[in-house]
Amino acid sequence: MSEIELPMSLEELEVYFEEELDEQLLDFKKERIEKGIDKNENKFVWMRVEKEAFKDAVRAIAKIQTPHLSVTSGSDKGEFVELIYHFAVNFSYPGEETTINLKVHLPKDDLTIPTITDIVPGALTTEREKQEFLGVDVIDIPDDRRMWLDEGYPEDKYPWRWDEKGMEDESRHVHENEETLEEPIAERSEKEGGD
Amino acid sequence: MSGEEGTTYEVPIGPIHPALKEPFLIKFKLDGEEIVDADPHPGMNHRGIEFMGMHRNPMKVIPLSERLCGICSIVHQHMYTTALEHAVDIVPTNRARYIRTIMMELERVHSHVLWAGVAAHEIGFDTHLHFTWKIREKVMDLLEKISGNRVNYSMWTFGGVRRDITEDMHPEINETLDYYLGLYDKLEDIFLGDPSIRHRTKDIGILTEEDAMELCGVGPTVRASGVKKDVRIDQPYAAYGDLDIDYVVPSRYDYEDVGDVFSKTLVRLKEIVQSINLIRECVEKMPEGEITSEPNKAALLNKLKSAEGEGVGRIEAPRGEAMHYVRLTEDNEDVDCWKVRASTYNNLATYAPMFLGEQIADIPIIAASIDPCIGCMDRAEIVDVNTGEKEEYTDEELHELSVQKTERMSGGIDE
């Protein structure tokens, strides 16, 4: 592809990613939403790539403009964990900014993803978060310490997992905790004089 | 971390400090007075709100989302509702878009005025803290008049808002805007003109344009470095696409895009005027019509319980870009996935380059310069890594260091 000219339209982005990623691009969806009386368009791209081509996809985005990574969302979808990297390109061009939602599926038996901090240094916070909350192993992450969860939180449990490694059970039965059962709630509020 | 030739100290600052809102810890490595490394440790009070949201139906998450933050409660409510509206194709009415914009800009005025007070306090100007926090009451009164609440406004709903801004409110809105415009010169005189404040903010805590871009920083923190990123302009939401708005960067006002604390102050002050103009424009242009496109909440909730879709809500919060991601699935009545990203999350990474090479007495003002939505320091503990001896600083003592520096620097200034 020749020199990239900014801002890129959704159609140009589609052609660009098809050329860059070829068969590794599994899914590509363009989306426009109108806002306000003047009908300004908000532009979105939803795309999914093969896990092997993930880093190439990030490199392709980085070629467009110094990428802005908003955050990485992640969720447990049963058989696999889905990560969505929310990038923004075309910023600094009024009305043209496009959110690129880059999806990648990680099978439960191989929960690994390469780090992108060599391309986007600002991605470190969100990569550390994904390690803690979903149990995804970020390969070559420059800093793999725990960031958000309490030190006492079990090492092999992950709050956003819905399988046996999640914390579903603990959170659902907090009210059955022995300490709270010692004294019925009605008696306690009477003693404190409150409602 | 081992000390180099016995001169490097590790100084954990945090996690509790009454000057800022939430608990937060930064571990500093010092060589004498000079900072050689800064390592932020968030998560001191991780409440797991996203997890809670993923166990509630979509309607119940609206009030939960505004409780994410005390100052930008509107911001999170807006992001959550727009992300969900995006996911299930709900179109808010145009009148609602304007009301939302007015509320969000009022909140920006509130947040920036509050920040100016915190910044003044950190360098020892408590008179200015009391002045700014006094004038901040006016906008809170107006927010209360419109929404019924001073802090958690409960204004948003899917498809629009819950309360109208009627014509009889216009005089009070205009009066409030005039009040701030009348005080603006004084604010600028204090924060940009005062020689002592200039000495404490100029060329302190610099974030270069390159670092700002690479570290994905957001908001006034990066605009002060000359980075033109503002979601209100780049990807206009609510009514911003209809309004006259431009990037607030120092070079627009004949200043250099340095990225120091002074530039960040300048950007925030100029944004107060920008917000006032935007609110005026909204009040003038506000179209007639309904305030929500989904008046039947019970029917809507029923629909949402089996709806399928995903959406993102991005916004330029007072502290910078923030976003929510929401997904609903057919077989899950609750919100299936909810990711919240506040501005400070991205700006955390910008701390390291800003602190590097600065002095210990500058820690409070640099920490405050990104307008963090987290607490700062209650107690600083200085550990000699070679002997393991500990020395404790209370927040007052650390604050005193900062105040003393201001006094030292004010000493040689000709007024």
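Biologist: To get my bearings, what pattern does chain A follow, read along the sequence?

Modeller: This is a predicted model, by the way. Chain A runs α-β-β-α-β-β-β-β-α-β-α-α-α, and the count comes to six helices and seven strands. Of its 195 residues, 35% count as buried.

Biologist: Why is helix α3 of chain A called largely enclosed?

Modeller: Residues 124-134 make up that helix, and nine of the 11 are buried, so the rest of the structure largely encloses it. A residue needs 20 or more other C-beta atoms within 10 Å to be called buried. The ones that pass in α3(A) are L124(A), T125(A), T126(A), E127(A), E129(A), K130(A), E132(A), F133(A) and L134(A).

Biologist: What covers those buried residues of α3(A)?

Modeller: The cover includes β3 (68-76), β4 (80-89) and β7 (137-139) of chain A, along with α13 (343-347) of chain B. And just after α3(A) you'll find G135(A), with a positive phi of about 75°.

Biologist: Since chain B has come up, how many residues of chain A are in contact with it?

Modeller: 32 residues of chain A are in contact with 35 residues of chain B. To count, two residues need their C-beta atoms within 7 Å of each other.

Biologist: Which elements of chain A supply at least two residues each to the side that touches chain B?

Modeller: β1 (25-35), β2 (40-49), β3, β4, β5 (98-107) and α3 of chain A. The largest share is six residues, from β3(A). By type, that side divides into 14 nonpolar, 15 polar and three charged residues.

Biologist: Why is S92(A) called partly exposed?

Modeller: S92(A) has 16 C-beta neighbours inside 10 Å. Buried takes 20 or more and exposed takes 12 or fewer, with partly exposed in between. So 16 puts S92(A) in the partly exposed class.

Biologist: What about D254(B): buried or exposed?

Modeller: D254(B) has 6 C-beta neighbours inside 10 Å, so it counts as exposed; the cut-off for that is 12 or fewer. D254(B) belongs to the loop between α10 (231-234) and α11 (261-285) of chain B. Its phi is positive too, about 65°, although D254(B) is not a glycine.

Biologist: What makes β8(B) largely enclosed?

Modeller: Seven of the 10 residues of β8(B), which spans residues 332-341, are buried, so the rest of the structure largely encloses this strand.

Technical notes. Residues are numbered from 1 along each chain as its sequence is written. Chains are lettered from A and ligands numbered from 1 in the order in which they are written. This is a predicted model: local features need pLDDT of at least 70, side-chain atom pairs count only at pLDDT 80 or more; totals for chains, interfaces and linings use all residues. Helices (H or I, at least four residues) and strands (E, at least two) are DSSP runs, numbered from the N terminus. Ala, Val, Leu, Ile, Met, Phe, Trp, Tyr, Cys and Pro count as nonpolar, Asp, Glu, Lys and Arg as charged, and the others, Gly among them, as polar.
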